[in-house]
Amino acid sequence: MLERQYYTTSQAARLLAVSPDTVLRWVRQGKISSYNTPGGHSRIPREAVEQMLHSPQQPVSRTEPPVLPYHYCWEFYGDKGEIKPACRECVVYRSRARRCYEMRDIPEQFGHLKLHCHSDCNACDYYEKVRGQGTSVLLVTRNRHLRYSMLSEARKADIIVRGASDEYECATILDEFRPDYIVLDGTFGRKRIQDICRHLSSDKRIPFTKIILTSREDFNKDCFEGRIFCWIEKPFTFAQLRCCLGQAE
């Protein structure tokens, strides 16, 4: 297998323990080498990532917290990074479910193979590792202040928050991050949000993800064909977001 020569901004961000927004900012500022694909997406050379990893003056962001790593069950039980063939046949892998233990009641004939299950989830090493990791949220907005404030507040809570500036960065992040909720900023406009919701609802990587719309006015949910889980008025606080997720203290 050929060694990876380039990383996406999300992959580079995970290796450097920063957010994808930080990597994109470094690219714009010329702090890290990159090139653009024909589609306009940034790619970071492996050498540039390694150089930054070993540099004592790595430009770590002071405003964005590092992204917490997450491992799916098939990654946790993988063999040196390789997914076991049997895991690929399980409905948990095929649906990219974030919490395999929430699907444990699915009968084996419907695809839950329970390859690593015990009689009790409390006896499972993977369950012990991930049960304390909280709800995950992807915030899609061009408002950097909102992204930074949510990321900062999330460090103090049991919610994992990632940020994306538009639908294209959102699609890239979904290669490696499976949010429980996606919060869409209403400033993108009704037509664009309709298109984003349509694409997200048909994305097989996130079959159980719920979409939350945030705006200054409550859009007519009917025009989104039932794809909106709920609405939260702008401006909102982190506490209000927790309440919307059903996690109010």
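This is a predicted model: local features need pLDDT of at least 70, side-chain atom pairs count only at pLDDT 80 or more; totals for chains, interfaces and linings use all residues.
I then looked up how strand 1 meets strand 3 (residues 42–45). Three bridges join these antiparallel strands. Thr8 stands opposite Arg43 in strand 3.

**Entry: helix 1 and helix 2**

I stayed with helix 1 (residues 9–16) and checked its crossing with helix 2 (residues 20–29). The axes come within 8 Å and cross at roughly 105°. Angles of 65 to 115 degrees count as roughly perpendicular, so helix 1 and helix 2 are roughly perpendicular to each other. From helix 1, I listed Thr9, Ser10, Ala12, Ala13 and Leu16 in the contact. They meet Pro20, Val23, Leu24 and Trp26 in helix 2. By class, this contact has seven nonpolar, two polar and no charged residues.

Five strands form it in the order 5-4-6-7-8; it is open and its pairing is parallel. The edges are strand 5 (159–164) and strand 8 (228–233), each pairing on one side only. Neighbouring strands are turned by 25° against each other on average, direction ignored.

I looked at one pair inside this sheet. Strand 6 (residues 181–185) and strand 7 (residues 210–215) run parallel, joined by five bridges. Tyr181 stands opposite Lys210 in strand 7.

Then I noted helices against the sheet. Helix 8 (residues 144–154) packs on it, touching strand 4 (135–140) and strand 5. The direction of helix 8 makes about 160° with that of strand 5. Helix 10 (residues 190–201) lies across strand 6, strand 7 and strand 8. Helix 10 runs at about 165° to strand 6.

**Entry: cavities**

How many cavities of 30 Å³ or more are there? I found one. About 40 Å³ of space lies in the largest cavity. Its lining is Val137, Leu139, Met150, Val161, Val183, Phe236 and Leu241. I sorted these by class: seven nonpolar, no polar and no charged.

Terms used. Residues are numbered from 1 along each chain as its sequence is written. Side-chain values use heavy atoms; hydrogens and water are left out. On a 1 Å grid over the protein atoms alone, a cavity is a set of points where a 1.4 Å probe fits but cannot get out, and a pocket is an open set with protein on both sides within 12 Å along at least five of seven lines; lining residues have an atom within 4 Å of a point. Grid points are joined across faces, edges and corners, and a volume is the space filled by probe spheres set on the points. Ala, Val, Leu, Ile, Met, Phe, Trp, Tyr, Cys and Pro count as nonpolar, Asp, Glu, Lys and Arg as charged, and the others, Gly among them, as polar. Axes are lines fitted to C-alpha atoms, for helices over the stretch in contact, and angles run from 0 to 180 degrees between N-to-C directions. Helices (H or I, at least four residues) and strands (E, at least two) are DSSP runs, numbered from the N terminus. Angles under 35 degrees count as roughly parallel, over 145 as roughly antiparallel, 65 to 115 as roughly perpendicular and the rest as oblique. Contact means heavy atoms within 4.5 Å. Two strands pair if DSSP finds at least two bridges between them.
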